[in-house]
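Trainee: I have a new structure open and would like to learn how to read it. Could you walk me through it, one feature at a time?

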Amino acid sequence: MESQNEEDDGNIEDIDLKTWTSWTYKILHRNYQLYMNSDDIAGDFLKARLQYHTKLKSSSSCCGRHNREMSYIDADVKPFFIDIGKFIKRILKDESYSVYKDINGSDKIQRRDVLIWSVIINRRDYAIDILKDGSTIETKLNKGTCIYAALFASAMFKVLSKKADALENMDLGESFMENSRFFEVLASNGIAEMYVNDRAMSQKILTQPVEEYGCSMKTVMKISANNKLMLFMGTTACQTKLKSIWRGHMSILTSREMISCIVMLFCFSFFVLTDLRPFTDGQFSLMEYLIFGWILTLVLEELRQICQREQRSLRHRLCSWWKDAWNKYDVFMNFLFLLSVVLRFALHQDNFKPARMMYSVTLAFFIIRTLQFFYVAKNTGPKIIMIRKMVTVLLFFIMIFAVVLVSFGIIMQANLYPNSELTFALLRDVVNLPYWQMYGELFLEIIEGQESSTCTKEPSKYGILPRCPETNTGVPLVLAVYMVLTNLMLMNLLIAMFSNTFQKVEDNSVSIWKFHRYSLVHEYYERPVFAPPLIILNHLYRTIYFVYHIWCKKDGKLDNAFELNITEEESKQVAESEREAMDECFKSLDDRHGRTVPRTRSYYKMPAVSTDRDYTLKDIAELYNQVNQKLDEILETRT
């Protein structure tokens with residue numbers, strides 16, 4: 001079989017997946033090449049992406065002196081698989097991905113290699129067969145769980161779908177996304193079956209680290225959270241695990257923090273409202289010292305979160321930390337506070353208004369930051385998500401509205417106040433009238449050019465009195481058209497967009513809340529015991545702890561309820577429980593597509609596979625032939 005597979009010629013139909021356990025990396029490389037050199041759309045997609053990444057790497061190295069094309073030889077397949085590993089690392093955005101770094105063409109492959117190949121070439125049937133083999137093969141200690149493999153396949157299909165859509169390959173993108181949903185449902189059914197059969201085993205598999213696939217997302221919960229697999233995260237097993245972590249010591253410690261935050265916001269508000277003066281007029285108050293200490297500890301907490309990330313390099317840790325929207329918000333909020341302090345030191349009493357405004361705006365951002373606490377509540381959590389999504393919709397709408405506002409603002413300004421001087425006030429006046437007119441303040445006395453005793457038309461008095469608007473019969477007509485566009489069309493469009501966003505979130509509010517619950521519980525689990533500003537004591541303890549273990553060359557890793565190592569005996573028990581559950585799922589899958597009697601519960605609706613679609617097309621074609629035959633008979637009878 002090996003010699004047959006190593007031949008240069010062949011086609012994709014000759015691949016026999018039943019012999020994958022005897023494959024080497026050279027044979028797997030040949031199978032990749034068969035798809036890349038065929039008319040298969042997924043093979044063309046992979047070839048194009050590898051060429052793109054190869055040219056990108058070549059252009060960024062050695063100042064662009066080398067521009068090597070993608071070329072691989074059968075004798076040395078290592079460069080090809082290194083590029084495959086880099087391709088996976090880029091699409092998963094996992095800088096710690098470490099598969100295919102050191103291989104030889106004669107090495108035996110693993111199950112994960114065939115699964116990755118099946119996903120990349122978009123062969124769902126191959127991937128299903130591999131998962132079936134993985135659920136039945138007896139191994140001494142198999143930490144590459146079948147459920148994790150299904151979620152890994154779902155995540156890969158999902159990111160490949162986005163890449164295909166970005167290249168306007170809609171058919172391939174839709175196929176990738178359909179397969180992603182299929183494997184997510186398969187994993188969800190598997191964990192649901194495990195939860196019914198043995199709850200203890202289902203809880204252990206959620207936090208069992210998996211090293212086989214080389215990801216930093218080592219557990220099924222982490223890979224689900226990082227790739228937004230909401231269906232799996234919403235299963236009873238996952239939510240029970242989150243509830244058990246939250247109901248431990250976390251609920252007490254977090255309540256101490258929903259109290260510390262309120263106290264410090266009260267102190268900050270008291271300072272801004274009653275005791276905010278220029279630095280030259282007095283010294284710092286006790287309240288201000290408390291605020292400085294509180295915000296300093298918050299900054300130290302952000303630094304701790306960066307340092308304790310799972311990624312190896314500092315750059316990768318920063319990139320991982322920056323993905324969280326709340327972390328971006330914290331950076332902006334702390335920057336505003338720093339700018340407020342600088343203005344307080346720099347400005348005096350006669351021009352202190354910018355500093356007071358900056359302090360008040362910063363306080364408002366700190367108060368808005370407390371909305372994250374509402375994520376944990378089932379009723380308020382989805383509403384916060386709605387607000388965030390509506391803000392995103394509003395930003396896109398503002399770009400459209402700005403074009404209309406500026407265009408009509410220029411028309412009105414040029415005709416009401418012709419030949420104005422080029423100043424910053426002119427830019428303000430261009431947008432001032434149309435902006436407030438959108439809310440119903442029409443300024444008709446200005447639009448109609450009515451005379452007033454408080455303005456003048458003499459250029460020599462423009463600096464003393466405001467300039468009177470010119471009378472122009474076309475300006476009211478322009479205002480009428482502008483009001484139709486803004487109040488009737490654009491505002492109703494915005495309301496419709498908001499309603500659509502609300503409906504989408506409302507329809508999936510429970511699933512969305514369950515998914516975001518993980519990120520909240522995970523964040524607050526990693527936070528120190530003490531609340532700010534006493535959190536500095538915990539930072540000192542952790543620093544001493546890690547320095548001591550580094551000095552003594554010991555493992556200084558803290559316990560993590562989201563990633564727990566289990567014994568070899570427990571791992572065998574988990575694997576056995578998972579095999580039983582996945583066997584039931586695969587039997588159910590076979591029943592739906594090859595038999596008539598179901599054998600297992602149906603927890604989540606399984607998307608139809610391609611065989612169903614083929615059968616449907618055959619039925620339609622047969623019905624079409626029958627209709628044509630009947631029409632021919634009718635025509636013959638009439639003749």
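**Reading the model step by step**

Mentor: Let's start inside: the largest nonpolar core has 94 residues, and those with the most contacts inside it are W23, Y32, W117, I147, F152 and F183. A nonpolar core is a set of buried Ala, Val, Leu, Ile, Met, Phe, Trp, Tyr and Cys residues joined through side-chain atoms within 4.5 Å. Helix α7 (residues 146-166) gives this core its largest share, 13 residues. Another core, of 33 residues, lies apart from it and includes L336, M358, L363 and Y524.

Trainee: What kind of model is this, and how are residues numbered?

Mentor: This is a predicted model, where local features need pLDDT of at least 70 and side-chain atom pairs count only at pLDDT 80 or more, while totals for chains, interfaces and linings use all residues. Residues are numbered from 1 along each chain as its sequence is written, and side-chain values use heavy atoms, with hydrogens and water left out.

Trainee: What does "buried" mean, and what percentage of the 639 residues is buried?

Mentor: Buried means under 20% relative accessible area, exposed means over 50%, and partly exposed lies in between (1.4 Å probe, protein chains only). Here, buried residues make up 44% of the 639 residues in the chain.

Trainee: How many helices and strands does the chain have?

Mentor: Helices (H or I, at least four residues) and strands (E, at least two) are DSSP runs, numbered from the N terminus. This chain comes to 25 helices and zero strands.

Trainee: Which residues does Y32 touch?

Mentor: Contact means heavy atoms within 4.5 Å. Not counting residues up to four places away in sequence, Y32 touches L46, F80, F81, I84, I116, W117 and I120. With the same exclusion, N31 touches I15, W23 and W117. N31 sits in helix α2 (residues 25-36), and it counts as buried because its relative accessibility is 1%.

Trainee: Is D330 buried or exposed?

Mentor: D330 is buried, because its relative accessible area is 5%. You will find D330 in helix α16 (residues 325-346). Leaving out residues up to four places away in sequence, D330 touches E302 and R369. The C-alpha atoms of D330 and V299 are separated by 8.8 Å, with the two residues 31 apart along the chain.

Trainee: How many salt bridges are found in the whole structure?

Mentor: A salt bridge is a side-chain nitrogen of Lys or Arg within 4 Å of a carboxyl oxygen of Asp or Glu. A search of the whole structure finds 13. One of them joins D113 and R112 (2.7 Å, N to O). D113 counts as buried at 0% relative accessibility, and R112 is buried too, at 9%. Another pair is E211 and K218 (3.6 Å, N to O). There E211 is partly exposed at 48% relative accessibility, and K218 is partly exposed at 25%.

Trainee: Which residues form a nonpolar patch on the surface?

Mentor: Patches are made of residues with over 30% relative accessible area and no salt bridge; like charges are joined within 9 Å, and nonpolar side chains (Val, Leu, Ile, Met, Phe, Trp, Tyr) within 5 Å. Here I387, V391, L394, L395 and I398 form one, with about 420 Å² of accessible area together (Shrake-Rupley method, 1.4 Å probe; for residues, only the protein chains shown count as cover). L394 lies in helix α18 (residues 381-416) and is partly exposed, with a relative accessible area of 32%.
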